[in-house]
Amino acid sequence: MKKVIVAVLALAILGVGTVALIRSRATPEPVTSTYFLMDTVLTIKTTGGDAAAINDHLHELALQVDAMTSYYQASSETSRLNASAGKGPIPVSEEYANLLRTALSVELTGGETTFDICVSPVSSLWGFTTKEFRIPSRAEIASALVYSQPDQLVVSGTSAQLKNPRARIDLGGIAKGYSLDVMEAYLRTVSPQPSQVIVDFGGNLLLYSAGRKTDWKVGIRDPRGDGIIGYVVSGDAFVATSGDYQRFFEKDGTRYCHIIDPSTGYPARLNQSATVITTLEPMHGAMGDALGKVFFCSDASRQQELYEETSKQGVVGVVLVNAAGARSTLGPITLVSTSDQ
Amino acid sequence: MKHSDRITAVVLIVAVALVAILAFLVHGTQGRTAVVRVDGQTVRTVDLTSTRAESMTIQGVLGPVDIATDGRGAIRVTHATCPDQVCVHTAPAKSPGEQIICVPNHLVIVIEGNRSDIDALAQ
């Protein structure tokens with residue numbers, strides 16, 4: 001009798017174990033694709049659905065946004081607008097006009113200008129457009145700042161104008177986030193639905209799931225050391241990070257990062273990184289991308305005010321590491337520290 | 001302990017061990033290899049379990065990229081001819097999913113395997 005029980009028990013363990021393993025193998029493997037565009041890398045990891053085709057289509061959508069917004073492609077709407085600076089309004093597409101309006105609305109957030117697509121003449125002085133880095137003189141910065149203000153750009157219906165002949169716009173601080181908006185809109189319509197899609201576009205994440213996952217663990221990169229400082233738990237969202245640790249140059253022991261504070265014309269120095277989480281709603285990818293720069297350029301008290309204002313517009317939470325390396329969060333999120341990362 | 005009890009114990013332990021071995025064979029070990037890709041094509045895989053530091057030069061789209069392991073499970077770009085040096089500034093990669101990217105060279109170093117602790121990295 002006992003032998004029979006033992007045999008049955010052993011068979012049961014083997015059986016259940018094997019079935020569990022087969023089932024775990026049956027869940028579709030994610031398909032990860034990597035593309036290079038917009039001077040950065042686009043990594044897409046899709047699980048379920050027609051994953052490889054979805055990845056390629058998302059890349060195609062990003063290429064279309066690049067073709068519309070690029071500072072470098074002569075045929076883009078940005079280049080046409082820049083080429084007509086000082087020559088009166090030109091017609092632009094409705095999509096482009098909407099993107100410009102989103103940029104302008106972030107610029108007006110909170111009053112003080114800490115995001116400005118018109119600051120590109122100053123960024124160019126520092127060499128961030130050509131990658132021939134240099135420290136411009138105070139006089140150079142002061143004179144460029146005059147025509148690098150947000151009021152240089154006037155958008156009316158489907159026409160846009162740059163007032164000063166030397167004014168230039170660069171949508172590099174919002175185009176990647178906007179690409180995620182376009183991708184998210186497409187993903188909603190795909191059939192069959194993929195179970196999960198993670199898009200990483202040069203510091204901007206799109207977390208999308210068919211089942212509206214609520215427990216994504218998003219690691220926050222340690223701005224100075226290896227690995228992560230911890231993670232936050234989020235639902236489906238856009239997650240935009242601005243940091244001083246990837247694009248910068250150093251001269252005489254000072255770090256000059258690529259994010260120029262439009263109010264001073266100098267690289268922002270108050271923070272090491274700012275991560276802004278926004279809800280999956282239209283234009284929130286673009287808004288989060290731009291707001292990342294706003295939080296990055298602001299001090300702690302301004303950040304608190306900004307959060308109170310933007311939390312009504314879809315900002316879920318913000319993770320901050322200030323210049324001294326102190327970590328903090330704004331909103332109903334918790335940074336869970338990982339000791340060994 | 002009776003003789004039959006001992007048999008019972010042995011049979012059950014063997015059953016559990018078989019499942020464990022099967023699980024290992026199916027899923028294998030993960031996260032100990034760095035894969036170097038240029039334009040999406042794998043050009044090198046690097047064993048990160050080796051305790052010997054290793055250096056290599058990979059030909060990128062723009063020019064040579066020098067890569068080194070530290071013998072303690074991490075890999076980094078030590079030298080590249082790209083203008084922005086973002087790859088050289090990137091901290092060493094060691095955990096599954098971590099990447100080092102050189103855009104001008106279309107080069108990606110990624111640590112293979114799924115990390116169990118996070119789904120995505122904000123950086």
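**Close-up views of a predicted model**

**View 1. A three-stranded sheet in chain B of the predicted model.** Thr57(B) has Asp66(B), in β4(B), as its bridge partner. Strand β4 of chain B covers residues 64-69 and is joined to β3(B) by five bridges, the two strands running antiparallel. The sheet to which they belong is open, has three strands in the order β3-β4-β5 of chain B, and is paired in an antiparallel manner.

**View 2. The hairpin of β4(A) and β5(A).** In chain A, strand β4 comprises residues 153-156 and strand β5 comprises residues 159-162. These antiparallel strands are joined by four bridges. One of the pairs is formed by Ser156(A) and its bridge partner in β5(A), Ser159(A). Two residues lie between the strands of the hairpin. Gly157(A), in the turn, has a positive phi of about 60°.

**View 3. The crossing of helices α4(A) and α8(A).** Two packed helices are described by the angle between their axes and the distance between the axes. Here, helix α4 (residues 94-107) and helix α8 (residues 284-296) of chain A have axes that come within 10 Å and cross at roughly 35°. The crossing of α4(A) past α8(A) is right-handed. On the side of α4(A), the contact involves Leu99(A), Thr102(A), Ala103(A) and Val106(A). These residues meet Ala286(A), Met287(A), Ala290(A), Leu291(A) and Val294(A) of α8(A). Classified by residue type, the contact of the two helices contains eight nonpolar residues, one polar residue and no charged residues.

View 4. When residues up to four places away in sequence are not counted, Thr279(A) touches Ala237(A), His284(A), Gly314(A) and Val316(A). Val239(A) is 40 residues from Thr279(A) in sequence, while their C-alpha atoms are 9.0 Å apart in space.

How values were computed: Residues numbered from 1 in each chain as written. Chains lettered and ligands numbered in written order. Predicted model: local features only at pLDDT ≥ 70, side-chain atom pairs only at ≥ 80, totals over all residues. Contact = placed C-beta atoms within 7 Å. Pairing = 2+ DSSP bridges. Axes fitted to C-alpha atoms, helices over the stretch in contact; angles between N-to-C directions. Left-handed = near helix turned anticlockwise from the far one by under 90°. Nonpolar A, V, L, I, M, F, W, Y, C, P; charged D, E, K, R; others polar.
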